[in-house]
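Subject: Structure for your review

Dear colleague,

Please find below the structure that I am handing over to you. My notes on what was found in it follow directly after.

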Amino acid sequence: MPDRPPPSTAARTPRPPRKARAIWLRQLHTWHWISAALSLTGMMLFAVTGLTLNHAASIGAEPRVTQGGGVLPAALLGQLKGPHDAKAPLPDAVARAIADRYAIDPSGHAAEWSDEEVYVAMPSPGTDAWVSIDRGNGRVSTETTWRGWVSYLNDLHKGRNTGDAWFWFIDAFAVACLIFTLTGLLLLQLHARHRPSTWPLVGASLAIPVLLALFLIH
């Protein structure tokens with residue numbers, strides 16, 4: 001009886017059950033599209049503002065400065081007398097009066113108290129604003145500088161003067177992007193044998209920024 005050839009290595013190597021692979025693939029696709037949907041708008045925003053930040057010097061913008069002034073009513077000036085913590089906010093009644101008259105709201109912002117004046121800085125995305133009140137005569141000075149929508153979006157990109165809500169949004173957005181990219185990498189691995197250019201392209205995505213950083217950044 002003729003000898004049979006030994007079974008091939010491929011035949012001896014157990015393969016993962018197709019059902020388990022299908023479940024794993026379906027889960028990856030689910031997480032991938034959900035994370036893509038959640039991060040889509042944010043990625044577009046950060047991609048566009050990445051361009052505007054990179055070309056900030058060539059994007060012209062004329063800041064619009066608005067100044068105001070007046071005198072705080074005597075009844076409210078009394079609330080600024082006496083000792084105050086160095087960073088205490090303005091008294092509520094004073095802050096409301098400033099907001100009603102000058103369209104600039106210092107409520108809740110830390111103030112800088114000195115013997116002569118109280119100064120409140122109120123920066124926000126695309127905007128710098130401040131109010132100064134003379135503690136002796138109640139003279140009020142305000143200034144608001146609007147740097148335009150491009151500056152506003154750039155400040156969102158940088159998280160500059162954006163507050164706690166945007167701070168946590170950036171963290172959540174970053175997690176969604178990580179899930180999107182990691183599930184994308186796993187999907188690439190699962191389909192790589194049918195797409196020979198997969199790993200060269202992935203390698204290029206790593207090599208290009210590394211080489212630029214090492215040799216072309218001064």
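Thr-127 is found in strand β4. In this predicted model, Thr-127 has a relative accessibility of 12% and therefore counts as buried, since buried means under 20%. Not counting residues up to four places away in sequence, Thr-127 touches Thr-144, Thr-145, Trp-146 and Arg-147.

As general background, nonpolar side chains tend to be buried together in soluble globular proteins.

With its neighbours within four places in sequence left aside, Ile-133 is in contact with Leu-72, Leu-80, Leu-90, Val-94 and Ile-98, among others.

I turn next to the packing of the helices. Two packed helices are described by the angle between their axes and the distance between the axes. Helix α2 (residues 18–54) packs with helix α5 (residues 149–158) at an angle of about 115°, and their axes are 9 Å apart. That angle makes α2 roughly perpendicular to α5. The crossing of these two helices, α2 and α5, is left-handed. On the α2 side, Leu-45, Phe-46, Thr-49, Gly-50, Thr-52 and Leu-53 take part, and they meet Val-150, Leu-153, Asn-154, Leu-156, His-157 and Lys-158 in α5. By class, the contact of α2 with α5 has six nonpolar, five polar and one charged residues.

Helix α2 also packs with α6, at an angle of about 140° and with the axes 7 Å apart. These two helices, α2 and α6, are therefore oblique to each other. Here too α2 makes a left-handed crossing, passing α6. The contact of α2 with α6 comprises 18 nonpolar, eight polar and one charged residues.

Which residues does Phe-46 contact, leaving aside its neighbours within four places in sequence? They are Leu-156, His-157, Ile-170 and Phe-173. Phe-46 has its place in helix α2 and, at 17% relative accessibility, counts as buried. Although Phe-46 and His-157 are 111 residues apart along the chain, their C-alpha atoms are separated by 6.0 Å.

Within α5, the buried residues are Ser-151, Asn-154, Asp-155 and Leu-156. The buried residues of α5 pack against α2 and α6 (163–191). Helix α5 is followed by Gly-159, whose phi is positive, near 70°.

Finally, two residues deserve a note on backbone geometry. Most residues other than glycine have a negative phi. Asn-161, in the loop between α5 and α6, has a positive phi near 55° and is not a glycine. At 32% relative accessibility, Asn-161 counts as partly exposed. Ala-103, in the loop between α4 and β2, likewise has a positive phi, of about 55°, although it is not a glycine. Ala-103 counts as exposed, at 74% relative accessibility.

With kind regards

Terms used:
Residues numbered from 1 in each chain as written. Predicted model: local features only at pLDDT ≥ 70, side-chain atom pairs only at ≥ 80, totals over all residues. Heavy atoms only, no water. Contact = heavy atoms within 4.5 Å. Axes fitted to C-alpha atoms, helices over the stretch in contact; angles between N-to-C directions. Helix = DSSP H or I, 4+ residues; strand = E, 2+ residues; numbered from the N terminus. Parallel < 35°, antiparallel > 145°, perpendicular 65-115°, else oblique. Left-handed = near helix turned anticlockwise from the far one by under 90°. Nonpolar A, V, L, I, M, F, W, Y, C, P; charged D, E, K, R; others polar. Buried < 20%, exposed > 50% of the residue type's maximum accessible area, 1.4 Å probe, protein only.
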